[in-house]
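Trainee: I would like to learn how to read a model like this one. Can we go through it feature by feature?

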Amino acid sequence: MDATVSFVLNGKPVTVKSPHDRMLVWVLRDELGLTGTKVGCEAGLCGACTVLVDFEAVPSCSTTLGDVAGKAVLTIEGLALDGKLDPVQKAFQDHHAFQCGYCTSGMIMAAWAFLKKKPKATRTEIVEAMEGNLCRCGAHVRILDAVESAGKAMGGVR
Amino acid sequence: MRRRDFLEGVTAGALTFFFTTPVGSAPIVPTRPGAYAEDLNAYLKISADGRVGCFVGKVELGQGAMTVLAMLVAEELELDPAQVDMLMGDTDLCPWDMPTGGSLTMWHTAPVLRGAAAEARAVLLRMASKALGAPVADLALKDGAIWVKAAPARRTTFGELVKGRKMERHLGKIKPKPLSDCTLIGRRVPRKDALAKTTGAAKYAGDLRLPGTLHACILRPPAHGLNLVAADTAAAERMPGVRIVRDGTLLAVLHPQPDTARKALALVKGTFEGTEPDVDDGRIYQYLVDKAAPGQRVMISRGDLAAGEKRAATVVEGEYRNAYESHATLEPHTSVAKWEEGRMTVWASTQSPFVFREAVAEALKLGQDKVHIIAQFVGGGFGGKLVGPGAIEAARIARRVPGVPIQVAWNREEDLFLDGYRPAAVVKIRSGLDAGRGAITFWDSTVAGVSQGEAELPYDMQTNRYQAPAVPNLHPLKVGAWRAPNAHTNAFARESQLDALAAKAGLDPVTLRRRLITDARLLRLLDLAVETFDWEPAPGPTGRGIGLACGAWRQGLVVAIAQVAVDKTTGKVRTERFLEAVDVGLVVNPDGARQQVEGAITMCIGQALSEEIRFKGGRILDKNFDTYLLPRFSAIPRIQVVFADNATSVTQGIGEPPVVPVAAALANAVFDATGARVTHVPFTPERVLEALKRVPAK
C-alpha cells in the first residue's frame with residue numbers, strides 16, 4: 001500500500017507516494033527519474049547504488065523509502081553545486097578514475113562520505129573505506145589516487 | 001551532445017563526407033567478406049557551425065574508443081578532440097562495422113577513420129584555396145579556421161566552406177600526416193566521457209525513460225536443460241497493473257515498475273521439463289577430456305616428437321586447468337525494445353550493434369532494414385555483450401505489445417545464469433629441454449575446452465604437435481568470448497610449463513626465455529620488463545615470490561612480472577606488485593592504453609585467484625557477488641605499466657594483449673614463493689593448500 005513519505009533530496013524537499021518498504025533505488029530511478037544511481041546486485045554487495053542518507057553512505061538497493069522519511073538524501077546528481085563540480089567528481093575526472101562508468105556514481109558517493117569524515121586518510125584507510133564498492137573494469141588504482149587527491153583538495157574542511 | 005541536436009546540426013547545411021575503402025584494403029578479412037567495400041565505413045560530417053561529427057559503428061564500453069577515435073579525427077583536422085562529436089553504434093546512422101571486440105578498433109577502424117579525416121582536410125584546404133585565392137601550400141589550418149599564412153586576415157572557416165555540400169570520397173589517395181607533424185598522438189587527452197560519467201548524466205540502456213515503458217521480468221528455469229511446459233500466472237495477474245506475455249517458452253511479467261514486475265514474477269509457478277547435464281564443477285575437467293578425445297585433431301605438427309623426446313635431458317608433463325568464469329559486467333545485460341510502424345527499435349547494452357541487428361531480425365523473421373539498434377553507454381563488455389539474448393527477449397515481447405517500450409534488465413542472478421562463460425579447459429603438455437638447457441627438444445600439447453588459439457609464441461620449438469578437438473557442443477554450459485579468448489588459457493599452460501622446465505633444469509626463467517625467443521621485439525620487451533622491475537633472476541624457487549610470463553594477442557606482445565606473498569597456513573595469495581611491459585606499436589593515447597593495461601591486470605587478478613562459476617547439473621550455484629568473487633580494492637597491488645618505444649609499427653589493439661600472461665605470471669610467482677606449482681585457475685586458497693601438500697619435503 002502506498003505511503004506518503006517526505007524527505008530532502010539533493011537539498012530540496014520532496015514527497016513521494018509509494019510503498020513504505022519500496023527500495024530507495026527504485027524510488028530514485030523510477031519515480032524521481034534520477035538514473036545516475038545504478039543497480040548492480042540488489043543485495044548491497046557491489047556499491048553501484050550508493051547514496052548518502054544524512055551523510056552516511058548506504059546501498060539504496062537495501063534501504064527502504066520508509067528508512068529515509070524526514071532525512072536528507074544526496075545522490076550523484078546533487079553533488080555539483082551551481083554547475084561546479086565537487087572536488088571528488090573533479091578528482092575522478094582528472095585521474096580518469098573510471099572506464100565504463102557504471103560503478104562511478106557509487107564510488108564517488110562512497111568516497112565523498114568517507115572523506116567528509118576523514119579527508120587526511122592514509123591509503124590503507126581509503127582501501128578499507130572503498131572495499132564495499134566493486135569495479136569490473138579495474139580502475140581501482142586510479143580510484144584510490146583520485147580519493148587521495150580529493151581529500152587533499154578538500155583540506156579537511158567542506 | 002544529445003542525439004537530436006547532433007542530427008539537426010549535421011543536416012542543416014552540412015558538408016558530408018562518405019568514405020569507402022577499396023576492396024581488400026582492410027588489414028584482415030571482415031567476417032562478412034566484402035562488407036567494408038559495399039558499405040560506407042567511415043563518415044564525417046562538417047556542420048555549418050564548424051563542428052565535426054564522426055559516425056562509427058563501434059561502441060564506448062569504457063575502453064576509451066570514443067576519445068581515441070575523436071583524437072585521430074582531430075589530429076588530421078587540427079582540432080581539439082572536444083570539437084569532434086562522436087556518434088557511435090547506431091545501425092541506422094553509422095556505417096556497418098564489426099563488433100567492438102577482439103582489440104580491433106585501433107587496428108582496424110582507426111586507420112580508416114584517420115584516412116577519412118586526412119582526406120577531409122585535403123578537400124577543405126582545396127576549397128579554401130579557391131575561396132581565398134591562394135595556393136594550398138600558403139594556407140594554415142587550426143581549430144576550424146583556414147587562413148593565408150602571410151596575411152592572417154584573409155581567412156575562412158569550415159562552416160563557411162561547407163554550406164549545403166555533400167560528397168563521396170574513396171579512400172586511399174591521401175596519406176595521414178607524418179608522425180613528426182602530429183600534436184595529439186602520443187599525448188594525454190581528457191576522456192570525452194568524463195563529465196557524463198562523473199555526474200551521473202551518462203545514459204545506459206536501463207536509464208532510458210521512454211513514456212509508457214513496461215518492465216518485463218522473465219520466468220527462468222531453475223537449471224539449464226529445462227524448458228517451461230506450464231505456468232500458473234493467476235496470483236501474479238491479480239496484482240494491479242500486471243500483464244503477462246507469452247511467446248513460445250518465453251513467459252514475461254510486465255509492469256510499469258521494475259521492482260513490482262519482479263515481485264509479480266515471484267508469484268508465477270512454472271513447471272519445467274527436460275534433462276540437465278550430468279556434470280558439475282568438480283567433474284567438468286574429466287568430462288571435457290573424455291568428450292573431446294574422439295574428436296582430437298592435429299592442428300600443427302612439426303618434426304619427430306619421439307626423436308625429440310630422446311634428445312631431452314629434462315622432461316616435464318603438466319596438466320593445466322581453468323574453470324568457467326563469468327564476464328560479470330557491473331551493468332547486467334539490459335535492452336529496451338519498441339515495435340512501431342513495422343519496425344523494431346532496440347536500445348541496447350551491446351558490443352555489436354550490427355550483430356544484434358542480424359540476430360533480432362532473424363529471431364523475429366524481419367528484414368534487417370526493419371530493425372534499428374541504438375547502442376548506449378555500455379557498463380562493461382569484455383566479450384559478454386557480443387551476443388544479445390536479452391535484446392532478442394525484449395524484441396520478442398515488444399512485438400506482442402505494439403507501441404509500448406519494453407525494458408528487459410536482467411538481475412545479477414540472471415546475468416550469472418545466462419552468461420556465455422569463459423570456457424573451462426584442460427591443457428596437457430609434455431615437453432623436454434636438452435642437456436645444454438638451450439633448446440626445447442619436443443613440445444606436445446593437447447587441449448580440451450578451447451582452441452589452440454595463440455598457443456604459440458616466437459619461441460624456438462621446432463619439434464612440436466598441437467591438438468585440439470573438433471567436437472560440436474563440447475560444453476554442457478553456454479560459453480563465449482572472454483577477453484583474449486583461448487589466448488589466456490593457452491598462455492597459462494605454456495608459460496607455467498616453461499617455468500617448470502626451467503626450475504627442473506636449475507635454470508632461471510628469464511635465461512631460458514632469452515635462449516628460446518626468436519623475435520627481436522619480444523626479446524627487447526623481456527629486457528625492458530626485467531630492467532624496469534629491477535630483478536636479478538635466479539633458479540626457482542627462490543622464496544622471493546617473483547614470477548614472469550610472456551603473452552601475445554596477434555602482434556601485440558606483453559611481458560608480465562608478478563610478485564606475491566603466500567600465506568602457507570591459509571593458502572591465500574596476495575599480489576604485492578605487478579608489472580607489464582607492452583608492445584602494441586605506436587601508442588596513440590598513452591593514458592587510455594595504460595588504463596586498459598591496469599584494468600586487465602586488475603581483472604585477471606580476479607581470474608587467477610578467485611573467480612569461478614560453481615554448478616551442479618544445470619544449476620548455477622553462484623547467484624551474486626557474495627560467492628562469485630571479483631577482486632576488491634584490498635586485492636590490488638602496486639601496478640607498473642611500461643610501453644615499448646615502437647612508434648614505427650602499426651598500432652595494435654590494447655584490450656586483449658595485457659590479459660594474456662597475468663594468471664601465468666601469478667602462478668609462476670606462487671611457485672617462486674613456495675615451490676608449489678598451482679595448475680588450476682583460479683588458484684583459490686584451497687587449491688594453493690593442496691599444491692603446498694604436494695611439495696616434497698626438503
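Mentor: Gladly. Keep in mind that this is a predicted model. Start at the end of a helix: in chain A, helix 1 is followed by Gly33(A), whose phi is positive, near 70 degrees.

Trainee: Is helix 1 of chain A mostly covered or mostly open?

Mentor: Mostly covered. Seven of the eight residues of helix 1 of chain A are buried. They are Leu24(A), Val25(A), Trp26(A), Val27(A), Leu28(A), Arg29(A) and Asp30(A).

Trainee: How do I think about the directions in which helix residues point?

Mentor: An α-helix has 3.6 residues a turn, so residues three or four places apart point the same way. Now the case here.

Trainee: What covers the buried residues of helix 1 of chain A?

Mentor: The cover includes strand 2 of chain A, together with helix 8 (258-266) of chain B. That leads us to the interface.

Trainee: How many residues of each chain take part in the contact between chains A and B?

Mentor: An interface's size is often given as the accessible area lost when the parts come together. Here we count residues instead. On chain A there are 41 residues in contact with 45 residues of chain B. The elements giving two or more residues to the chain A side are helix 1 (24-31), helix 2 (87-94), helix 3, helix 4 (123-130) and helix 5 (140-154). By class, that side of chain A has 22 nonpolar, 13 polar and six charged residues.

Trainee: Next, sheets. In what order do the strands of the open sheet in chain A lie?

Mentor: Strands of a sheet pair through backbone hydrogen bonds, either parallel or antiparallel. In chain A, five strands form an open sheet in the order 2-1-5-3-4, with mixed pairing. Its edge strands are strand 2 (12-19) and strand 4 (56-59), each pairing on one side only. On average, neighbouring strands of this sheet are turned by 40 degrees against each other, direction ignored.

Trainee: Which helix packs on that sheet?

Mentor: Helix 3 (residues 104-117) of chain A does, touching strand 3 and strand 4 of chain A. The direction of helix 3 makes about 35 degrees with that of strand 3. Strand 3 (residues 50-53) and strand 5 (residues 72-74) of chain A pair in the antiparallel sense over two bridges. Val53(A) stands opposite Val73(A) in strand 5.

Trainee: Where can I see both kinds of pairing on one strand?

Mentor: Go to strand 17 (residues 343-348) of chain B, where five of six residues are buried. With strand 16 (residues 334-340) of chain B, strand 17 pairs in the antiparallel sense over six bridges. Val336(B) stands opposite Trp347(B) there. Two residues lie between the strands of this hairpin, and Glu341(B) takes a positive phi near 50 degrees. Strand 17 also runs parallel to strand 18 (residues 371-375) of chain B, joined by five bridges. Ala348(B) has Ala375(B) as its bridge partner in strand 18.

Trainee: Which helix makes a β-α-β unit with strands 17 and 18 of chain B?

Mentor: Helix 11 (residues 353-364) of chain B, and the unit is right-handed.

Trainee: Why does the radius of gyration of chain B agree with a compact globule?

Mentor: Because a compact globule of 698 residues would have a radius near 26 Å, and chain B has 27 Å. Chain B has 19 helices and 29 strands. Buried residues make up 55% of its 698 residues.

Conventions:
Residues are numbered from 1 along each chain as its sequence is written. Chains are lettered from A and ligands numbered from 1 in the order in which they are written. This is a predicted model: local features need pLDDT of at least 70, side-chain atom pairs count only at pLDDT 80 or more; totals for chains, interfaces and linings use all residues. Two strands pair if DSSP finds at least two bridges between them. Helices (H or I, at least four residues) and strands (E, at least two) are DSSP runs, numbered from the N terminus. Axes are lines fitted to C-alpha atoms, for helices over the stretch in contact, and angles run from 0 to 180 degrees between N-to-C directions. Two residues are in contact if their C-beta atoms, placed from the backbone, lie within 7 Å. Ala, Val, Leu, Ile, Met, Phe, Trp, Tyr, Cys and Pro count as nonpolar, Asp, Glu, Lys and Arg as charged, and the others, Gly among them, as polar. A residue is buried if 20 or more other C-beta atoms lie within 10 Å of its own, exposed if 12 or fewer, and partly exposed in between; C-beta atoms are placed from the backbone. A crossover is right-handed if, with the strands pointing away from the viewer, the path from the first strand over the helix to the second runs clockwise. The radius of gyration is taken over C-alpha atoms; the globule rule is 2.2 Å times the number of residues to the power 0.38.
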